[in-house]
Amino acid sequence: MRKVLSSAWLGIVLLFMYLPILLLCIYSFTDSSTIGAKGSISFQNYRTLFTSSEMLSILGGTLLLAFGCAIISTMLGTVGAIGTYYSKKGLKQFVTTANQIPVVNADVVTGFSICVLLIVVLGIDKNTFIPLVIGQVVLASPFVYLSVLPKLKQMDHHLYEAALDLGASARIALIKIVIPQIIPGIISGFLLSVTLSLDDYFITTYTKPATFDTISTYVVNATRGSHTEIKTAFWALSTVIFIVIICVVLLGNHLSNQKTSEENDANDI
Amino acid sequence: MKYRFTRKQLCIPYVAFLILFVILPLLVICYYAFTNGEGRFTISNLTGFFSSQNTIGTLAYSTLIAITTTGVCLLIAYPVAYILAKSKLKKKSVLLTLFIIPMWINFTLRLVALKEVLTMLEGNLAMYPFLNTIIGMTYDFLPFMILPLYTALMKLDDSLLEAAYDLGASKSTVFLKVILPLSTPGIISGITMVFLPAMTNYVILDMMYNSTYIMGSLIGSYFNAYDWNSGSMIAIVLLAIIFVITWASNGFQEEKSNRGALL
């Protein structure tokens, strides 16, 4: 009985989380413009998604911004974490606290404060994309820092000293010894940065050039109007994103399973 | 002599970045919150906030929305996290991933999906603005509540539960005296993940046709009106709320770790 009840609860919550997305996926393959209405099968939404120049430029802009900001955030956060890890206590305390601010702060406040500093006080032109990129890096790099730090704590520190003793320069020792040991943290920080940027609405709205739109800002503006064609094209986009994420998750699961089974094999030996 | 950098010098760019783009913006909004349009010192923004019925009403409404959302998320997520943490299924990690996946889909696209379904069920979304806002927020933030609760409940030592049962405790006593206190850190971090976004994420309200303002909407409207001074004051109020929440949750966690050290 208990087992049935617990499974039922998990089922209900999963239904709540997935029913809207799944319905949207199904209706994206029809010519209906409201969910629940009758329609016939059509690929018009996908045609609009992949051929309309407006759609393509939004998609391209969003992805370019996400990956560009993720690369900057990853470099900044990783190097920052390494440097801070070896710094004196006071500085470490400062970085730990300052790093926590964008993490706990509301995105609206972060976006607004960066907008006030860069655009209002310093007068930087929004159209240069500088405020937008800085805003997103402020959002993402603390998370890179937080995902690299635990790997640094687990690292074998004698290897770095040994490399220096054997005549490696600090730069070589860093690239060949430190980075390979913390690479899992760097990768997860990078992926986190990409998702944060793709998901962001508030920082983007407050710092973006007026004519530039990401998926988030465009969807929010589009739902205020009633452009049916674009509206249903977003259903197709949701379907594509959903399928891509499922594939990435399955692949990731498969890889980590393989890794653990290899480790188990090694343990058996 | 060739210049050799040491490892600690690597923190210079990040420290400079944090000072310039994290600390400085906050100082700038503090300055703006306490000056008027001509740059003269004033506390009228502050007194204006606390004497206007509009802004106080907004603060109350956002608190109501945030408390309700956090409560609903907690009630839904706690059993989910507990069942997942205690299940002996081999594929547990797959099941957990299913609950986390929605976090990776753009939240505006997910809200569009929810909105379509709610429109199908209710006909006109504007009929139940409060209910729909809570549903939308719960839909958006639920994974952020499940994950920390799951992490906390995974650490729960089963032998403690067995000991409690052996000593004659009833199921409800075990839950109230053992499971709940030990999962408090998870509950606290879940609350901090959900409460503040619920006070500020005005996109959810807009999409659900809820025309009542929350704190985030105020910043949005001052931003659209180029009123940096009043907007900064709202940001300061929100920062104060964040500070209180963080301070309170740190208090909880420190108490915990002290206790752990004593044991």
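1. **An exposed loop residue.** B:Tyr226 counts as exposed, because its relative accessibility is 63% and the cut-off for exposed is over 50%. B:Tyr226 sits in the loop between H11 and H12 of chain B. Look at its backbone too. B:Tyr226 is not a glycine, yet its phi is positive, at about 55 degrees. Most residues other than glycine have a negative phi. Keep in mind that this is a predicted model.

2. Find A:Phe129 in the loop between helix H5 (107-121) and helix H6 (130-154) of chain A. A:Phe129 is partly exposed, with a relative accessible area of 32%.

3. **The contact between the chains.** The size of an interface is often given as the accessible area lost when the parts come together. Here the area buried between chain B and chain A is about 7000 Å². Carbon and sulfur atoms give 79% of that area. On the chain B side, B:Arg7, B:Tyr14 and B:Leu109 lose the most area to chain A. Together these three make up 12% of what that side buries.

4. **Salt bridges in the whole structure.** Side chains of opposite charge can pair when their charged atoms come close. Over all chains, the structure holds 3 salt bridges. One of them joins A:Asp213 and A:Lys208, at 3.8 Å from N to O. Both A:Asp213 and A:Lys208 are buried.

5. B:Asp158 and B:Lys86 meet through their side chains, at 3.5 Å from N to O. B:Asp158 lies in helix H7 (residues 158-166) of chain B and B:Lys86 in helix H3 (residues 53-86) of chain B, so this pair ties together parts 72 residues apart in sequence. B:Asp158 is partly exposed at 38% relative accessibility. B:Lys86 is partly exposed as well, at 22%.

6. The side chains of B:Arg110 and B:Asp140 form another salt bridge, at 2.9 Å from N to O. B:Arg110 belongs to helix H5 (residues 107-122) of chain B, and B:Asp140 to helix H6 (residues 129-154) of chain B. The two residues are 30 apart, and the pair links distant parts of the chain. Are these residues buried or exposed? B:Arg110 is buried, with a relative accessible area of 4%. B:Asp140 is buried, also at 4% relative accessibility.

7. B:Phe223 is in helix H11 (residues 215-224) of chain B. B:Phe223 counts as buried at 12% relative accessibility. Leave out residues up to four places away in sequence. B:Phe223 then touches A:Phe112, A:Cys115, A:Lys126, A:Thr205, A:Tyr206 and B:Trp228. A:Ser238 lies in helix H11 (residues 228-268) of chain A. A:Ser238 is buried at 6% relative accessibility. Leaving aside neighbours within four places, A:Ser238 is in contact with A:Leu24 and B:Leu109. B:Leu109 is also one of the residues on the chain B side that lose the most area to chain A.

8. **A buried asparagine.** B:Asn229 is found in helix H12 (residues 228-262) of chain B. B:Asn229 is buried, with a relative accessible area of 12%. Apart from neighbours within four places in sequence, B:Asn229 contacts B:Tyr32, B:Ala33, B:Thr35, B:Asn36, B:Gly37 and B:Asn45.

9. **A helix to check by length.** Helix H9 (residues 184-200) of chain B has 17 residues. The helix reaches 25 Å from its first C-alpha to its last, close to the 24 Å expected at 1.5 Å a residue. Its buried residues include B:Ile187, B:Ile188, B:Val194, B:Phe195 and B:Leu196.

Definitions and conventions
Residues numbered from 1 in each chain as written. Chains lettered and ligands numbered in written order. Predicted model: local features only at pLDDT ≥ 70, side-chain atom pairs only at ≥ 80, totals over all residues. Heavy atoms only, no water. Buried area = accessible area lost by both parts, 1.4 Å probe. Salt bridge = Lys/Arg side-chain N within 4 Å of Asp/Glu carboxyl O. Buried < 20%, exposed > 50% of the residue type's maximum accessible area, 1.4 Å probe, protein only. Helix = DSSP H or I, 4+ residues; strand = E, 2+ residues; numbered from the N terminus. Expected span 1.5 Å × (residues − 1). Contact = heavy atoms within 4.5 Å.
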